[in-house]
Amino acid sequence: MTIGTMVTMASGSGRGRGRGSGTNNSGGKTQEYYGTIQPDLFVRQPGEPKIGSSGRQQRCFANFVPIEMEKADYSIYQFHVEFDPVVDSKHVRERMLLHENVTDEIGCFHVFDGMILYLTKEWHQNQEIEVPHPNTGDLIKVIFKQTNRFLLDNAQTINIFNTIIRRCFDEMQLVQLGRHYFNSKDARNVREYNMSILPGFETAIRMYENQLMLCEKMNEMYGGSTIITLYNNKLHRFTRLDWTINPLSEFQKDGQSITLKEYFKMQYGREIKNDDQPIIISEGKPKQPGEPPQVNYIVPELCFPTGLTDEMRKDFRMMKEIAMYTRLSPQQRLQETRKLITEFHSNERVQACLNYWGIRLADDLANVNARVLKSEPLHAEGTKKYEGRNAEWARGVKESGIYRRSDMTNWIVVGPNSGNSGMLIQKFISESSRLGSTLRVPIGDPMCVPIKGVSPNDYLEGVKLAIKQVAGETVHMLVVMLVDDNKTRYDSLKKFLCVECPIPNQCVNLRTLAGKSSDGGENKNFGSIVLKIFLQMICKTGGALWKVNIPLSDTMIVGYDLYHDSTLKGKTVGACVSTTSGDFTEFYSQTRPHENPTQLGNNLTHFVRKALKKYYDNNNNTLPTRLILYRDGAGDGQIPYIKNTEVKLVRDACDMVTQRAAKINNKEHKPITLAFIIVTKRVNMRILKQGASSNNAINPDPGTVVDTVVTRPERMDFYLVPQFVNQGTVTPVSYNIIYDDTGLGPDKQQQLAFKLCHLYYNWQGTVRVPAPCQYAHKLAFLTAQSLHGDSDEQLRDKLFFL
């Protein structure tokens, strides 16, 4: 569950050395405290409108809890702390600053990082206090020197506030594991699988539209190749098992030999029962560059695994059981958040800490006025239209037909022809023919080529034999019926059919078609399964299932995403998918690997130039006047580089192409306008639609847009919920428009993003991101996992990667 906290400023509160104030269009309030934001992150000019107007108003909760500042003139004082003689241990230094000799002067709720001390009240600029060493009792001179003073608009203030909130979690006796805090007292036990799920929180404070906010996300403790040792509440990365040592192995501690068994008994009071177990080696990051990794020795008996193995993830019953605890509904999230707020208010130590720092947590979640965009009708064959329900329209496709048909008169089926496999293949062919008739797709009788065995080589030889038998005749589609999901077999077939011998192809797992034994061997969903496969085949042969009305002329839309190559260490595959038609239903795909941001930028230049050339060829030698690029796969830390480098490279690529076209056609050069938009799927923000009363929360409707309160003042950004979710709480998608000279404005950009979420043909419903982005993701995944090279040019104008 995600909770968030916003800090509202008291009237006339401290105006400091910020970037400057401006106005937004949400009531004319002044935006202060810009100094908390890194200057490189600013992409929006102060006062530039960012709020849309389309759609109906919807009252929502956001996972942010307001915090009120009690002081009008807020300051934080920084002191450098020295110890004479020197104390090496940070933990000991922290304990010494909690000695009464110090706390009598400054209290116990200060923030100290081991070297720097922060106070909310002015103190002596230079002060010396003697404190006994906790272990030896020797008097240590602690020297305090004031070095700085921060106002509320300083970026360092954000870090201090983050520390204060973590301090509150400590006071509530939550356990810190890594960066997050977990409530071990509220563990949810899945007894059938001997598993515990710990609810936890992660926090982050930053500047939002008109105030500082703390976004606090509730996590569940499971996931990753990590182990936990509860005797010290630490997480460790599992590196390897060392069978050469065991609990009776000795090591040197303070100049004396001691066994691991004795050490854990003395240090943690844990008795090891099994003396014949190997030791887990956990390697951490080196303390200094050039040093070897830090090594921890962990006894298996004293640790617990976290995360889910691949086998566990394949266990449907287990995942369903776990989902009962991890997929919290909006109502459950609302209740859990309010429960946490109540605990904050009722904990005296937490209140004392917050009072010391002059801040107060509000009583409830923040309210957000969202808007719900109207649902999009889908255009089918001819003038037919249909609308989905809850942004899904599986029934509409079959009843209304498809927007643009393709040709599958010549197709091949390769697979085993004996036993149940042969029967399933014939049933698949029969159903495909029936669907072809229903959807009015030209489809002939396929050429069936049986294979002798089921090894990867048997399949590959069967495919090659089939191609040889057609003797150069055009093959519209080649279907390979696989006996299971073996990756080696799949990769070899995809590489051959997409790179070496380009033919539109479809791999079908026969296990998907087969029924369960409990159903008498009949698959009750056989028809719907074949329909989805058949629709994929239509797209891979050049068809389009539907379209939406996008009233933009002479516009090319580009999606970019990346994926790490499974065979090339350090290399990432970048994928670009662009539209080539005025109805936005035809696409062109490209891929290139890169090792660093410089190569990625150069690849974007290559992608854009080639995409524009393809658009030019497909549109009577005419270039688009507008290019809208959605860039997925970027974190916040990459924004300055993208803004300063990638945008310029794309801009230059557009200018280069338009100038060349103008010269060839002897026409005046007209530059292409550009919108460059970063799409982020992994966000901590959650939006809960208010139900019948303020005590009820449900998932927001598809098309919900949030562009106030919880958006960022330095950005031209908005959040969009394009999908309907009936399990758990939906996660919105963030759009950050870092460059835009198209003149479309925020309202049209929001509508366009929602419309594009309807154009992904591998699902009869909306997807989380604009379709070109989702296509780019699928293409990058296939290339990095299976092809390990560029697909053949003949396939790139089709959605061969679905």
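So, the aromatic cluster: F587, Y760, Y775, F800 and F801 come together as one group. Keep in mind that this is a predicted model.

Let me start with the rings overall. The count here is 18 aromatic pairs. Take F169 and F344: that pair is edge-to-face, 6.0 Å centre to centre, with 70 degrees between the planes. F169 is in helix α3 and F344 is in helix α7, so the pair ties together parts that are 175 residues apart in sequence. And F169 and F344 are both buried.

Y760 sits in the loop between α17 and α18, while Y775 is in helix α18 itself, 15 residues apart. Are they buried or exposed? Y760 has a relative accessible area of 4%, so Y760 is buried. Y775 comes in at 0%, so Y775 is buried too. The cut-off for that call is under 20%.

One more ring, this time with a charge: the charged end of K427 sits over the ring of F526, 4.4 Å from the centre.

Last stop, I402. You'll find I402 in the loop between α9 and β29. Its relative accessibility is 1%, so I402 counts as buried. What does I402 touch? Leaving out residues up to four places away in sequence, the contacts include A380, E381, V397, L439 and V441, and also L535 and I538. Look at L535 in particular: I402 and L535 are 133 residues apart in sequence, yet 9.3 Å apart in space, C-alpha to C-alpha.

Notes. Residues numbered from 1 in each chain as written. Predicted model: local features only at pLDDT ≥ 70, side-chain atom pairs only at ≥ 80, totals over all residues. Heavy atoms only, no water. Helix = DSSP H or I, 4+ residues; strand = E, 2+ residues; numbered from the N terminus. Buried < 20%, exposed > 50% of the residue type's maximum accessible area, 1.4 Å probe, protein only. Contact = heavy atoms within 4.5 Å. Phe/Tyr/Trp six-rings, centres within 6.5 Å; stacked < 30°, edge-to-face > 60°. Lys NZ or Arg CZ within 6 Å of the ring centre and 35° of its normal.
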